[in-house]
Amino acid sequence: MEWQKFAEEMALLARTLLKQDSVQQTLDEIAASAVKLVDGCDAAGILAVRKGRAVTLSSYGDMVEESDRLQGELGEGPCFDLARRADEERVFRVADMTRPQPDWPRYAEAARGLGIGSMTGVLLYTHEEDFGALNLYAARPGAFTEDVATAGWLLASHAAVALADARTIDQLEHALETRHAIGEAMGMLMERHGMSEEDAFSVLRNISQHHNIKLRDVAQRIREKHGDSPA
């Protein structure tokens, strides 16, 4: 790592994160920045697990959500191991996923199928059975040296602060569901009425303000209306 350059990029990132309008946007920026700033990183994501159920809070790269789902479904993987030994270590590094991984053989086999060659991650928080982690992925084995893992830890410090601003994981899940509902409603308006993305959002916002209805509820009504209409 060229630490001086990385430090300058981290300072720029800190200013960028301060400009974000929501926790979700902050987490998305962190995941994207991990791929841009960390040498060898092909994908990154922020995983939360609540009572054994995996929730991808943010992802940048195709393999992230499937990897999160597999760890939650199988109840094993580097993130789960890291959470269980949180008092000992807050960083994991899998140098070569192509080699046998006896601690979590089912996940490792599936991860190889996803094209994951190596991984590193940082535990963000633990609370009883719940935890969160920033995970970095590379297609090739040996991508993450100890220096690179340290770079991931520095990025994770920003993610931890962002998550501290959110009161509960439920709040973040609600935000994800809201964003999905609004995006789907906008897509319906754009397709059926030839609107631009900006115009479709303006329609939703104007209805919300005029009728004093939450934007998510407006989006849900449009989804129900257009979903029942013939194509």
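I looked up Phe 80 and Phe 131 first, and both are buried (under 20% relative accessible area; exposed is over 50%, partly exposed in between, with a 1.4 Å probe and protein chains only). The model is predicted, so I kept to its thresholds: local features need pLDDT of at least 70, side-chain atom pairs count only at pLDDT 80 or more, and totals for chains, interfaces and linings use all residues. Residues are numbered from 1 along each chain as its sequence is written, and side-chain values use heavy atoms, with hydrogens and water left out.

**Aromatic pairs.** I searched the whole structure and got 2 aromatic pairs. The criterion is ring centres within 6.5 Å for Phe, Tyr and Trp (its six-membered ring), with planes under 30 degrees apart counted as stacked, over 60 as edge-to-face and the rest as tilted. The ring centres of Phe 80 and Phe 131 lie 5.3 Å apart with the planes at 85°, so I logged this pair as edge-to-face. Phe 80 sits in helix 4 (residues 78–84) and Phe 131 in strand 5, 51 residues apart, so I noted a link between distant parts of the chain (helices are DSSP runs of H or I, at least four residues, and strands runs of E, at least two, numbered from the N terminus). Trp 104 and Tyr 107 are also edge-to-face, at 6.1 Å centre to centre and 70° between the planes. Trp 104 is buried at 6% relative accessible area, and Tyr 107 is buried at 0%.

I then traced the open sheet: 5 strands in the order 2-1-5-4-3, with antiparallel pairing (two strands pair if DSSP finds at least two bridges between them). Strand 2 (53–60) and strand 3 (91–94) are at the edges with a single partner strand each, so one side of each lacks a neighbour in the sheet. Neighbouring strands are turned by 20° against each other on average, direction ignored.

I checked strand 3 against strand 4 (residues 118–127) and found 4 antiparallel bridges. Val 94 has Met 119 as its bridge partner, and Phe 92 stands opposite Gly 121. Phe 92 and Val 94 make up the covered face of strand 3, Val 91 and Arg 93 the uncovered one.

**Cysteines.** Which residues are buried here? Cys 41 is, at 6% relative accessible area, and Cys 79 is, at 0%. My search of the whole structure for disulfides returned 0 (a disulfide is a pair of cysteine sulfur atoms within 2.5 Å).

Methods
Axes are lines fitted to C-alpha atoms, for helices over the stretch in contact, and angles run from 0 to 180 degrees between N-to-C directions.
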